[in-house]
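Here is a short briefing to read alongside the coordinates.

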Amino acid sequence: MRQVCRLIRFCMIIGAMLFQPLASAADKTLRLGTLPVLSARAAYEIYAPLMENLEKGLGFSSVQLETPPHFSGMYQRIQANGFDLLLCPPHIARLAQKRLGWHPLVMFQPEHRAVLLAREADGPATLDALRGGTIAVLDNNALVAMIMMEALAKKGLVMNRDFKVIETRSYDSSQIAVKQGVAQAMVFRSQGFIDAHARDQLKILFEAGVLPGYVLIAAPDTARAQLQKLRTQLLAFGKTPEARPFLQKLGYDSLSVASEESMRRMDAYLDLTESKLK
């Protein structure tokens, strides 16, 4: 009889441990960090389907959307564990993983290319025409900007020597800078963010390297069981009709597991990324 009681007590303890994450989730607000490329209003419109899915699917009391002002601010928040879940560029995701123990969960697909856009009607016709001009970038710490500046340097165009750069903090602002003639070109990704009508008024002046997709990463102190639940929930969300507009607005069409092989491709940018974000 005593052994039976001990067995029952043991089962109750194990059961309580297994169900504890689910119970605590109901009382927890999930802090979801986003890319610093949109206004707060635009970010809420885009991320609403993901927020609702996480809240209902994992039983959080709420999902709080937090948008840092720039990539340096994003990394400062990463260092302070200021998010529970964060959507970020792959080079910053890899830095957070290697230096601070964050957990890559899923990666957005397909890959993009870094492109240099100019006005279709009267923009520069060649790269050489950019000498003495200005290029608009979202943020000098953005991977798309780093890849583009590296590619332009190989073509003999060096930032701050052959052209100036202005940081606009949003792709919409970069587009406006080009439209108004403040900048002669803008650094962009091959898909997403700019609406089709505005995109039709721009031409591709130059294409640079491949851009791996954004990555959703979880904070270092996230329990292993919760990591698996988050990954499973995110992958399932990516296959729902509700995910379609969310993915399309970001320029993607699916989510996949963020494998170590995919993340390792960013190792070449680790030191540069870390030095620029300090």
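H91 sits in helix α4 (residues 90–100); helices (H or I, at least four residues) and strands (E, at least two) are DSSP runs, numbered from the N terminus. With a relative accessible area of 1%, H91 is buried, where buried means under 20% relative accessible area, exposed over 50%, and partly exposed in between (1.4 Å probe, protein chains only). The model is a predicted one, in which local features need pLDDT of at least 70 and side-chain atom pairs count only at pLDDT 80 or more, while totals for chains, interfaces and linings use all residues. Residues are numbered from 1 along each chain as its sequence is written, and side-chain values use heavy atoms, with hydrogens and water left out.

**Around H91**
- Leaving aside neighbours within four places in sequence, H91 is in contact (heavy atoms within 4.5 Å) with N141, A142, L143, M146, M266, Y269 and T273.
- A polar atom of the H91 side chain lies 3.5 Å from the backbone nitrogen of L143.
- H91 and L211 are 120 residues apart in sequence, yet their C-alpha atoms are 9.8 Å apart in space.

**Helix α5**
- L143, one of the residues in contact with H91, is also one of the buried residues of α5.
- Nine of the 12 residues of α5 are buried, so the helix is mostly covered.
- The buried residues of α5 are L143, V144, A145, M146, I147, M148, M149, A151 and L152.
- How far apart are the end C-alpha atoms of α5 (residues 143–154)? They are 17 Å apart, which agrees with the 16 Å that its 12 residues should span at 1.5 Å a residue; the expected span is 1.5 Å times one less than the number of residues.
- After α5 comes G156, with a positive phi near 90 degrees.

**The five-stranded sheet**
- An open sheet of five strands runs in the order β7-β6-β8-β5-β9, with mixed pairing; two strands pair if DSSP finds at least two bridges between them.
- Its edge strands, β7 (164–167) and β9 (202–211), each pair on one side only.
- On average, neighbouring strands of this sheet are turned by 25 degrees against each other, direction ignored.
- Strands β6 (residues 134–137) and β7 run parallel and are joined by four bridges, and the bridge partner of A136 in β7 is I166.
- Both faces of β6 are covered, with T134 and A136 buried on one side and I135 and V137 buried on the other.

**Helix α6 and its approach**
- Helix α6 (residues 171–179) packs on the sheet and touches β5 (112–119), β6, β7, β8 (185–189) and β9.
- The direction of α6 makes about 150 degrees with that of β8; axes are lines fitted to C-alpha atoms, for helices over the stretch in contact, and angles run from 0 to 180 degrees between N-to-C directions.
- Y171, S174, Q175, A177 and V178 are buried in α6. They cover an arc of only 160 degrees around the axis, which puts them on the same side of α6; the arc is that of the directions from the helix axis to the C-beta atoms.
- T168 lies in the loop between β7 and α6 and counts as buried at 16% relative accessibility.
- The side chains of T168 and S174 are joined by a polar contact of 2.6 Å. Such a contact is a pair of N or O atoms within 3.5 Å; within protein, one must be able to donate a hydrogen and the other to accept it, and residues adjacent in sequence count only if both atoms are side-chain atoms.
- Not counting residues up to four places away in sequence, T168 touches A136, V137, L138, S173 and S174.
- Just after α6, G181 has a positive phi of about 85 degrees.

**Backbone points to check in your viewer**
- Most residues other than glycine have a negative phi, and most peptide bonds are trans.
- N81, which is not a glycine, has a positive phi of about 50 degrees; N81 is in the loop between α3 (71–79) and β3 (85–88) and is partly exposed, with a relative accessible area of 33%.
- Is N160 buried or exposed? N160 counts as exposed, at 65% relative accessibility; its phi is positive, near 70 degrees, and its place is in the loop between α5 and β7.
- Q109 and P110 are joined by a cis peptide bond, with omega about 0 degrees, and P110 lies in the loop between β4 (103–109) and β5.

**Whole chain**
- The protein chain has 11 helices and 11 strands, and 49% of its 278 residues are buried.
- Among contacts with a separation of 6 or more, 81% are between residues 24 or more positions apart.
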